[in-house]
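Hi,

Here is the structure I said I'd pass along.

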Amino acid sequence: QELFIAPKTCTYYYGFVTSKAPFDNPDIRRAFSLVIDRQSLIDNVLKGEQLPAHSFVSPGIFGNVADNKEIGAELLTDYGDRVAEAQALVADAGYPEGEGLEVVLGHNTAESHAQIAQAVQAMWQEAFPKAQITIENQEWAVYMDTLDPTAPDENKPNIYRLGWCTDYPDANNWLNEVFNSKSAQNYAKFFNDDFDALVLDAAFETDSDKRKEMYAEAEKLLVDDNVVIAPIYYYTSIRMFKPWVTPVLSPVSGDPIAEWRIDVDAQRAALK
């Protein structure tokens, strides 16, 4: 009765360092994204009614494509079919059953990230039994230094964990500010002239419908054509509220706790 779950404008994802082998090959990136069983993670690890993600920009943001099932469509198909496709991609790339693949998955230190990483590692290991897949974690400040686009690739993991929560409800804050080639947050080292042109032009376009179309094209380049990231889930906000509390919640700016109200008489009566 006290549990409150609501959508939150954030996306949890794994990014690929596209300049570092073997993930300089988009087929390898696609294979590793396909094998992540997002619904299983939600049902068995997260358990917070999150939604499986097939795009970067979360629901609730202008320009999102979460309801467009044509983008990221591969991630929405039968899991068994996805694994078979991934195994074929890896074999065609010269790594039958993952033999010869040495992969490091990195995340910042947190128990929740470790649990997700371990579950995904098991999925990858089952699909590619001869691959060597290890997990490394670092404290946040060190992790950010490691992922810095200007830092040496040899010190980076092949795959990194991050999430993005919106600063303002527009896809510009996501696609342009995170993944354009000049962004200091472009940890994937994704450089694509068509993508840059789309997100930069969209920032100045005054026709809302055209902007939506441009952001949809950018998502397709990011998730489908270049497989820069493996979107995993759209967040939810999970809270427990006593019945005498009237909260005020904001999906963008965080919880304005100063505006909450407590019915003190009801609280005292409940605590007797």
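First, a quick one: in which helix is glutamate 217 found? That would be α8, which covers residues 208–225. Keep in mind that this is a predicted model. Glutamate 217 has a relative accessible area of 43%, so it's partly exposed, and together with Asp207, Asp209 and Glu213 it makes up a negative surface patch.

On to the salt bridges: searching the whole structure turns up six. One of them joins the side chains of glutamate 2 and lysine 242, at 3.4 Å from N to O. Glutamate 2 sits in the segment before β1 and lysine 242 in the loop between β6 and β7, so this pair ties together parts 240 residues apart in sequence. Another pairs glutamate 97 with lysine 130, with 3.3 Å between the closest N and O atoms. Here the loop between α3 and β3 gets linked to the loop between α4 and β4, and the two residues are 33 apart. Aspartate 225 and lysine 220 also form one, at 2.9 Å between the closest N and O atoms.

Now the inside. The largest nonpolar core has 37 residues, and those touching the most other members are Tyr14, Phe32, Ile36, Leu41, Trp124, Phe128 and Ile159. Several elements supply at least two residues each, among them β1, α1, α3 and β6, but α4 gives the most, with seven.

Cheers

Methods. Residues are numbered from 1 along each chain as its sequence is written. This is a predicted model: local features need pLDDT of at least 70, side-chain atom pairs count only at pLDDT 80 or more; totals for chains, interfaces and linings use all residues. Side-chain values use heavy atoms; hydrogens and water are left out. Patches are made of residues with over 30% relative accessible area and no salt bridge: like charges are joined within 9 Å, nonpolar side chains (Val, Leu, Ile, Met, Phe, Trp, Tyr) within 5 Å. Accessible areas come from the Shrake-Rupley method with a 1.4 Å probe; for residues, only the protein chains shown count as cover. A salt bridge is a side-chain nitrogen of Lys or Arg within 4 Å of a carboxyl oxygen of Asp or Glu. Lys and Arg count as positive and Asp and Glu as negative; His and the chain ends are not counted. The place of a charge is taken as NZ of Lys, CZ of Arg, CG of Asp or CD of Glu. Helices (H or I, at least four residues) and strands (E, at least two) are DSSP runs, numbered from the N terminus. Buried means under 20% relative accessible area, exposed over 50%, partly exposed in between (1.4 Å probe, protein chains only). A nonpolar core is a set of buried Ala, Val, Leu, Ile, Met, Phe, Trp, Tyr and Cys residues joined through side-chain atoms within 4.5 Å.
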